[in-house]
Amino acid sequence: MEVLRLEDVFFSYGKQVVLEGVSLTVREGDFLALIGPNGSGKTTLVKIVLGLLKPMKGKVFLFGTETGRFSEWYRVGYVPQRPALDTTFPSTVAEVVAAGRFGRVGLGRRLKRGDWQAIEEAMEVVGLLPLYDRPVTELSGGQQQRAFIARALAGQPDLLILDEPQVGLDDRALHEFYRLLRYLNCERGITLLMVSHDVGVVGRWVSRVACLNRTLICHGTPQEVLNPINLSRLYGTEVRAVAHSH
Amino acid sequence: MLSMFQYDFMVRALIAGLAAGIVCPAVGVFLVLRRYSFMADTLAHISLAGVALGLWLGVASALSPFLTLAVAVCGALLVDRLRTRERVSADALLALMMSGGLALAVVFFGLAGGAPVDVTSYLFGSLLTVGSRDVWLILSVAVCVLLLLALLAKEFYYVCSDEESARVAGLPVDRLNLLFILMVAVTVAVCLRMVGTLLVGALMVIPVLAALLVGRSFRQVVLISVIIGVTATLCGLTASYQLGIAAGGCIVITALLFFGALYGAKTLLNLCRRSRTGDGSGQAN
Ligand SMILES: Nc1ncnc2c1ncn2[C@@H]1O[C@H](COP(=O)(O)OP(=O)(O)O)[C@@H](O)[C@H]1O
Ligand SMILES: [Mg+2]
């Protein structure tokens with residue numbers, strides 16, 4: 001089943017064209033990495049998918065419904081680029097994660113026992129249940145990242161969208177992080193769309209890769225896409241060294 | 001000290017103070033965390049223009065609080081519109097509206113000219129001007145605002161902590177923002193008489209800043225803010241009665257004392273902890 005489809009999407013900020021004729025389909029069970037250099041329009045694309053920005057031209061469908069008419073937003077989990085919570089915001093892990101359930105509960109309604117079960121399960125999955133009452137400002141970068149993933153999971157989404165979630169994770173945390181994503185994808189059946197500007201290890205974990213630099217340069221399996229020719233088309237020549245190194 | 005309860009105006013002031021002490025910090029938590037600390041001040045200056053307008057037009061004193069409310073609500077709508085449609089930056093917008101409100105107030109007070117106006121009582125607050133009608137108004141507004149806050153607490157929390165994600169989750173963020181700014185406007189407008197234009201914003205902000213020093217969760221910050229707000233208002237009103245000083249000043253100074261005490265305690269505690277563990281790195285942020 002199709003989870004997400006973009007048809008010939010154009011977007012510009014003022015005169016600056018950021019996306020040009022982007023068409024892309026994500027199917028149920030995919031783990032898609034959207035890669036491209038800084039400023040290539042990845043975040044913009046994600047915001048269009050989430051309905052935060054309207055495409056100038058083209059259409060976006062979520063679960064078969066155009067985003068303008070889509071109403072089941074709780075089916076989409078979102079982990080923003082750099083957690084939007086600033087370092088002074090007072091919140092415990094539980095408070096942050098619980099917010100991810102609000103979209104499902106409805107305006108002015110209280111969380112019920114089933115909701116709290118989903119919230120605690122989300123914390124369990126990312127390994128933060130022991131830190132339930134800890135202020136998020138006291139967590140490490142990796143733990144904060146997991147708290148925001150748990151928040152997205154608390155709504156029990158069918159599609160999880162993560163915008164450069166790897167930033168600030170060290171190698172070990174990164175490995176743990178990819179294992180978590182693989183678990184969500186394979187065991188929980190959650191479709192994943194992950195934005196990344198890292199081409200080093202991402203190919204080992206995902207099922208599909210799409211390369212974006214204003215236009216969609218190529219997409220397919222990691223084996224098809226992640227070769228020196230494509231990468232130099234995507235990043236220019238300088239990245240060739242990285243591509244050769246493994 | 002109990003003698004102050006003999007006076008009707010003092011009993012009224014204490015009741016109104018209790019309501020203001022609860023509702024101002026409760027609303028203020030969301031303002032401070034969204035970095036809109038000056039919003040309350042701005043709306044207070046706009047409300048003052050409403051007061052002055054009432055004096056100039058010679059509106060009956062029974063109606064003038066409602067005129068003030070109406071002007072505050074219009075100001076709030078304008079702020080919201082400029083903020084969302086024109087994308088004026090927050091600090092510039094608030095500066096603009098604040099000076100605009102004050103300028104209008106000065107002009108209206110000037111036009112009202114002959115009327116016997118005690119402008120300072122509007123600026124710094126006064127116990128004597130709180131009539132029984134004002135008490136009812138403060139009480140009903142406080143109850144409405146607190147009910148709305150309780151009903152929509154989780155939505156306001158989400159919008160305040162991460163507006164974009166709240167939008168993605170399908171919450172009606174724009175409408176919630178508008179509702180919230182209206183709640184701030186009516187709160188400011190009714191508390192104006194007692195606390196004063198210059199200080200009503202402080203009652204919304206300072207208890208929250210004090211609570212942020214010690215609160216470890218959002219829930220705790222809200223609770224502590226309200227406790228500090230109520231205590232500061234009641235202590236401040238008592239001091240105002242005893243010393244014959246404007247109410248707003250006494251209330252705000254008491255809140256500042258809370259802030260200072262908590263800040264001092266926290267600094268001391270950190271010093272002790274650091275010297276015990278023998279390193280300065282700790283969990284600094
Ligand atoms: N709000 C904005 N207003 C104007 N230009 C923007 C805005 N956001 C991003 N851009 C520009 O659009 C381009 C793509 O940005 P973005 O989608 O954030 O790229 P990426 O996430 O791939 O780094 C960049 O050149 C950036 O400068
Ligand atoms: Mg980006």
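## Contacts and the model

A contact here means heavy atoms within 4.5 Å. By that criterion, in this predicted model, residues 24 or more positions apart account for 76% of the contacts in chain B that have a separation of 6 or more. In chain A, among contacts between residues at least 6 apart in sequence, 66% join residues at least 24 apart.

## Chain A: overall form

Chain A contains nine helices and 10 strands. Its radius of gyration is 18 Å, close to the 18 Å that the globule rule gives for 246 residues, so chain A is as compact as a globular protein of that length. Taken along the principal axes, the C-alpha atoms of chain A fill a box of roughly 50 × 40 × 35 Å.

Of the 246 residues in chain A, 52% count as buried. The chain exposes about 11300 Å², and carbon and sulfur atoms supply 46% of that area. Chain A carries 29 positive and 26 negative charges, whose mean positions are 4 Å apart.

## A buried leucine in chain A

A:Leu193 lies in strand S8, which covers residues 191-196 of chain A. With a relative accessible area of 4%, A:Leu193 is buried, because buried means under 20%.

Leaving aside residues up to four places away in sequence, A:Leu193 touches A:Leu4, A:Leu32, A:Leu34, A:Leu159, A:Leu160, A:Ile161 and A:Leu162. A:Leu162 is 31 residues from A:Leu193 along the chain, and the C-alpha atoms of the two are separated by 6.3 Å.

## Chain B: overall form

Chain B has 12 helices and zero strands. Its radius of gyration is 20 Å, close to the 19 Å that the globule rule gives for 285 residues, so chain B is as compact as a globular protein of that length. The C-alpha trace of chain B spans about 70 × 50 × 30 Å along its principal axes.

Buried residues make up 49% of the 285 residues in chain B.

## A kinked helix in chain B

Helix H10 of chain B runs over residues 197-214 and has a kink of about 30° at B:Leu203. The kink lies shortly before the proline B:Pro207. In H10 of chain B, 14 of the 18 residues are buried, so this helix is largely enclosed by the rest of the structure.

Conventions:
Residues numbered from 1 in each chain as written. Chains lettered and ligands numbered in written order. Predicted model: local features only at pLDDT ≥ 70, side-chain atom pairs only at ≥ 80, totals over all residues. Heavy atoms only, no water. Helix = DSSP H or I, 4+ residues; strand = E, 2+ residues; numbered from the N terminus. Rg over C-alpha atoms; globule rule 2.2 N^0.38 Å. Buried < 20%, exposed > 50% of the residue type's maximum accessible area, 1.4 Å probe, protein only. Areas by Shrake-Rupley, 256 points an atom, 1.4 Å probe, with all protein chains shown as cover. Lys, Arg positive; Asp, Glu negative; His and termini not counted. Charge placed at Lys NZ, Arg CZ, Asp CG, Glu CD. Bend = angle between axes of the 7 residues up to and from the residue.
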